[in-house]
Amino acid sequence: MSATLTDVLIVGGGGAGCSTALHLASRGVRCILLERGQIGGQASGVNYGGVRQQGRHPAELPLARRSREIWARLPELIGTDCEFEVTGHLKLARNEAEEADLVAYLDVARDNGLPLIMIGGNAVHQQYPWLGSDVVAGSLAPDDGAANPRLLSPALARAARDKGADIREFMPVSHLTHDGTEFIVQSGEHEFRARHLVNTAGYWGGAIAKAFGEPVPVSALSPNMLVTEPIPYFITPNLGVVGGDVYLRQIRRGNVIFGGGRGESDPDVPRSRPLPEPGYAVMAKALQLVPQLAGVQVIRSWTGIDGEMPDDIPVIGPSRTTRGLFHAFGFSGHGFQLGPVIGAIMSELILDGRTDVPLEPFRIDRFAQDGSFNQQGQRHEASRHA
């Protein structure tokens, strides 16, 4: 069997993988991307679509800030804005404790140059009269917004192909190894060899890491998503709440997209499906936020498979066991906004040996062998989904 040779192999065709292919190809690097299904077929293409900086773990904010700059330049980079709209992200508090969390986060945002506007109880209801009475305060990130997740990964892949990247769908990887000089990757009857390997395989990125002696406690995450029939447009900002148990936004066509809770999945197939009980629960929470949604018909629900880490932040950076291997997986339900910048970071690590974004909190070896995690990786629940 003859092997296909390239400079960089990328496994995983979501936003992070396709962005990596684009950034590498833009710098003249030969690269091949292998995707087990269709481009954007899992977490990158079936998520909520929030382009959000507010509420992220402090370690993620430098990533999110730089990625937001790339989102602003998408039309010139990939020929489309992927329906990205700067609507603002309004994070809501429903009691005094949640309001205190919003206030505390102002310092985190300020330290990272993220502008936020705190809105008290009277003002938030004056500015957004359709909010329910449970809302006691809000925090607005004016520069945040939302986009269409079905468009981003395919658009990145098309732009990468235009630059010379080799993008291959329906190419599940069956075996990976390193012979001391090159990575050898098997997909069906095809063999690929490269000096560098980028692991952007989402939940399945854990298996790739384990193959090179770096097991991590990644689990499958399937956020429950729903969408309504079109109704007159009135919900301008992208809405989240402290704790992340419900999030919703309305698109210009009138449909309201919202989510909360979890579906079920079997990553070995792979297969995923939403569940009715979490759907009913999040409908009730959405009605508490926006009572005007009463009587609106839900027309579809869905989910996908993402990788979730115990501390809710991803693995990003070089392998600690194998030279030339780089990881970016386990985005824990909030990687859509970060996809564009991950490609820039991966290309810089491979070609320049450095990046200007601090990656220490995302080290793959932050997890102990027993599955526990250290202080640097403590859980930060506010980072989830919304």
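Biologist: How do the residues in the lining of the largest cavity divide into nonpolar, polar and charged?
Modeller: That lining has two nonpolar, one polar and three charged residues. Here Ala, Val, Leu, Ile, Met, Phe, Trp, Tyr, Cys and Pro count as nonpolar, Asp, Glu, Lys and Arg as charged, and the others, Gly included, as polar.

Biologist: Before I go on, what kind of model is this, and how are things counted?
Modeller: It is a predicted model, where local features need pLDDT of at least 70 and side-chain atom pairs count only at pLDDT 80 or more, while totals for chains, interfaces and linings use all residues. Residues are numbered from 1 along each chain as its sequence is written, and side-chain values use heavy atoms, with hydrogens and water left out.

Biologist: Back to that cavity, then. Which residues line it?
Modeller: The lining is made of R94, D134, V246, K285, Q288 and L289.

Biologist: And how much space lies in it?
Modeller: About 30 Å³. The structure holds one cavity of 30 Å³ or more. On a 1 Å grid over the protein atoms alone, a cavity is a set of points where a 1.4 Å probe fits but cannot get out; a pocket is an open set with protein on both sides within 12 Å along at least five of seven lines, and lining residues have an atom within 4 Å of a point. Points are joined across faces, edges and corners, and a volume is the space filled by probe spheres set on them.

Biologist: Let's talk strands. Where does β5 sit, covered or uncovered?
Modeller: β5 (residues 89–93) is mostly covered, with five of its five residues buried. Buried means under 20% relative accessible area, exposed over 50%, and partly exposed in between (1.4 Å probe, protein chains only). H89, K91 and A93 are buried on one side of β5, and L90 and L92 are buried on the other.

Biologist: Which strands does β5 pair with?
Modeller: With β7 (residues 137–141), β5 pairs in the antiparallel sense over five bridges, and A93 stands opposite A137 there. With β16 (residues 238–241), β5 pairs in the parallel sense over four bridges, and L92 faces V241. A pair needs at least two DSSP bridges between the strands.

Biologist: I also spotted a sheet containing β1. What is its strand order?
Modeller: It is an open sheet of four strands, ordered β1-β12-β11-β10 with mixed pairing. β1 (3–5) and β10 (175–178) stand at the edges with a single partner strand each, so one side of each has no neighbour in the sheet. Three bridges join β1 to β12 (residues 190–194) in parallel, with A3 partnered by E191.

Biologist: What about the largest nonpolar core: which residues touch the most other members?
Modeller: L63, I78, I342 and M346, among 49 residues. α9 (339–351) is one of the elements that give two or more residues to this core, and the largest share, seven residues, comes from α9. Such a core is a set of buried Ala, Val, Leu, Ile, Met, Phe, Trp, Tyr and Cys residues joined through side-chain atoms within 4.5 Å.
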